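Please read them with the structure open beside you.

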Amino acid sequence: MMNRDIHLTAQDLLRAMQFKPGDFGEIAIVSGQPQRVQMALEKLKNPLRNFSAMGYTLWTGEYKGKRVTVGHGGMYAPDAALITELLCAGGVECLIRLGSCGAMKKDIEIGDYVIAEGAIRGDGVTRYYVKDGFQPKADPELTQKLFSLCKKHAHKGLVWTTDALLRETKDFVNGAIAQGAIAVDMVTSPFFTIAQLYNKRACAVLVVSDNLITGEIGFADIRVFDAERRLIERGFDLVREV
Amino acid sequence: MGKLEMIAHTKDGGGLTMRVLFLQPPLGWWAAWKKHIANNVAHAQLAANIREWYPEIEIKVLDTRALGMDEKQMVDAITELNPNLIYMGDALQTTGVAAIHPRYQQAAKVIKQVLPDVKICVGGFFYGANAPAMLEKTPEFDFVVAGETERTVPELAKELSKSDPDIPSVRGLAYRDENGEVKLTEYRPLIENLDDLPLPAYDLFPMDKYVGFNYIRHYVETYMTRGCPNGCRFCVGWTNYDPRGNHDWTHYRPRSPKLMADEMELLVKRFGAKFICMMDEDLNVYRERMEGLIEELKRRNLKVPFFFMGRAPYHLRDRDLLKPLREVGFVCGLFGMEAVDKETLEAIKKGTTVDEVAELVGLFRENNIMSVVTWMVGFPEDDEQRIKDRVERLDLMDPDMAALQILTPLPGIPLYKQLEPYTEEWNLLKWDFQHAVLRTKHLSRQDLGRLAAWANREFYSKPGRVQRILYDKRYHPFCRLIARVYVETAGKEHAQAAVEDKIFV
Ligand code: B12
Ligand code: SF4
């Protein structure tokens, strides 16, 4: 039997990695896609790679006088939970996620943006953190700012986070729509949940790469590439305003 | 010899008026280039030659593709122009490879229905090596030029303007005698010095109408050298030349740097060219010429971005010239690899090594020059493993762009005889490098097309590469637009050609 309350805390893990307070900036911009991380990294002045473990790397540098951390924020709910918690425990105050999603409304097009106001918890990891009725929420002020920055092609609403990309079945999807979801991803629920637990401000903007209603697939569509590129700009525009 | 009185029009005073029309009939463009409407530089060169050598001949130009005309509008326009001789032909493979032929033939057919007396001549790419055979196959044509067109076409026009034309005296020409039998005149030797030719007569063409790679306006293609000393066995450059010559394709002839720069200056200052694509196959054979070009361009301070095709070994030999070349506008360059495994390189007699290509990609990138590597699939030995292995190596070299061509067995290339047994598709509209027209020993034609589409899509959907070629500002905006077309067409038009046999040219 284990007698300790918890095997590893975020602080334990950070310590084990010789992390020191101040290694992260006040603001973090995270993404699950290496190419987005790379493009974000190019915006930073004097970036220092001061966190890398388990295949996740984070750099901290300067943007318009502010210290900003960019890096890999997780691709699925479990790893997103891990990185989000490390960032929160490491002193980040404001978290911005640049992600992707599948749209669940007919009129949301490939290459549009979904700004998540909150998440519907279809994931498995958040139940380890919060009770059943908990509703993960984005920071309303950041979300509003993000929405006005992305205004053209932006849609605000709830994002359903699933663990099972290949089980986006009619029943699950329509169930999520009935609860108000306008898009699906695999990260946003733990991202908001953990930020809220740590009392941090978080927001998420997701590029639409496919549409579950129309069946359109745009994974390698130029509209997605272009939107992804602009996404980085909008993320940093937001940094100026926080 | 038949007398061709019909073509001579009588002028008011009884003299003869000869009107030659350079015609670009309705045709499309490569699937991977989206909308690409380039000037026909071969026409501009021939028009200039006629103007200089035979000023009494009237020159007319009709580029239906640039003007967006359909077949009927073309015929109406030609009726109005009332030419005696119509010429169609290209020097560049990039217009559509052999797919131009069915388009020319169709145009000739409808023109002859309305204007049965007009003479129609074709030449240049694809025809040059196959003149008698193509004339034999195409009753709609009256003449096919064998080999280089530059002197032959003007001389033909001149001869036709006489009341008693002596066609057999025009060297390098396939024609029909009075019994309708196809005859080939004597071999026409090559022009030794390209500087003897006037600059192409761009002023006769609708230069403001051309568009490159879907996005680039004020786009021009030039043709400043002839031939390539390498003589790769699969190279379609051979088809411009008469096989009776002594390996004419390998007889390399460049225009002098001064005249190259003169031409560029003219294009920029007079025609507002914003991007110059030098579409000749091998521009950088001689170091001194490249040095000369840099000097000339520097002195004139032209600042026009340009593209050229060269070979990797020459670029490596002149690696110190990449920086100055970039400074005078060299923003994007293409070099061939065609295949990346040693065995294939040897089989096709390509004197380039895999390492050289990789090294050059790096040097281009260091100098902010976008690299385009051409490569091929469809060699008889190709199987899925080989092709995928090739893709893997290409990916490791990581050029910015890869221009994939599917081996096409044009008559006139040295590999032709060897490839003939593998050919399965004879519709020339598909002979454009973007359709599979042959099988290999191990792959069906369909499998080859599918693998080509797969390879191209793999290349242009790689995270990191896509972002670099679309957005990295160290590359000139035009290069990023060209990349955009390739990314956009990779899963779509390119695949529709390679897998679904859809026609684009
Ligand atoms: C595998 C994968 C997943 C896996 C896991 C990821 C992993 N690394 O284990 C799972 C199933 C979890 C997944 C889920 C989702 N994914 Co996903 N995924 C991918 C995929 C196919 C590869 C990512 C990867 O591992 N790259 C790194 C490795 C090293 O690359 P690679 O193995 O060489 O793979 C290459 C090729 O095989 C090729 N490729 C592979 N599949 C395909 C498919 C097409 C159509 C094409 C053209 C190319 C291609 O591209 C890759 C890069 O060269 C990419 C597609 C892509 N082009 O990047 C999408 C991709 C990252 N996923 C995407 C999306 C939208 C999702 C989902 C939101 C889908 C949904 N509707 O629920 C979810 C949620 C993600 C989230 N974080 O919230 C988008 C992101 C949109 C964008 N361009 O910004 C991408 C780019 C494509 C896509 N739309 O599916 N994804
Ligand atoms: S190097 Fe290129 S242009 Fe020269 S012969 Fe070979 S393929 Fe043709």
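1. In this predicted model, strand E15 (residues 275-278) of chain B, helix H8 (residues 287-300) of chain B and strand E16(B) together make a β-α-β unit, and the unit is right-handed. The two strands, E15(B) and E16(B), pair in the parallel sense over three bridges, and within this pairing Ile276(B) stands opposite Phe306(B) of E16(B).

2. Strand E16 of chain B, which spans residues 306-310, is mostly covered, with five of its five residues buried. Phe306(B), Phe308(B) and Gly310(B) point one way from E16(B), whereas Phe307(B) and Met309(B) point the other way, and the residues on both sides are buried.

3. Turning to the interface, nine residues of chain A are in contact with eleven residues of chain B. The area buried between chain A and chain B is about 870 Å², and carbon and sulfur atoms give 64% of it. On the side of chain A, Gln35(A), Ile222(A) and Phe225(A) lose the most area to chain B, and together they account for 55% of what that side buries.

4. Between chain A and chain B, four residue pairs are counted in polar contact, with both residues at pLDDT 80 or more.

5. Which elements give two or more residues to the side of chain A that touches chain B? They are helix H2 (34-41) and helix H7 (222-241) of chain A, and H7(A) gives the most, with five residues.

Notes. Residues are numbered from 1 along each chain as its sequence is written. Chains are lettered from A and ligands numbered from 1 in the order in which they are written. This is a predicted model: local features need pLDDT of at least 70, side-chain atom pairs count only at pLDDT 80 or more; totals for chains, interfaces and linings use all residues. Side-chain values use heavy atoms; hydrogens and water are left out. Buried means under 20% relative accessible area, exposed over 50%, partly exposed in between (1.4 Å probe, protein chains only). Helices (H or I, at least four residues) and strands (E, at least two) are DSSP runs, numbered from the N terminus. Two strands pair if DSSP finds at least two bridges between them. A crossover is right-handed if, with the strands pointing away from the viewer, the path from the first strand over the helix to the second runs clockwise. Contact means heavy atoms within 4.5 Å. Buried area is the accessible area (1.4 Å probe) that two parts lose on being put together, summed over both. A polar contact is a pair of N or O atoms within 3.5 Å; within protein, one must be able to donate a hydrogen and the other to accept it, and residues adjacent in sequence count only if both atoms are side-chain atoms.
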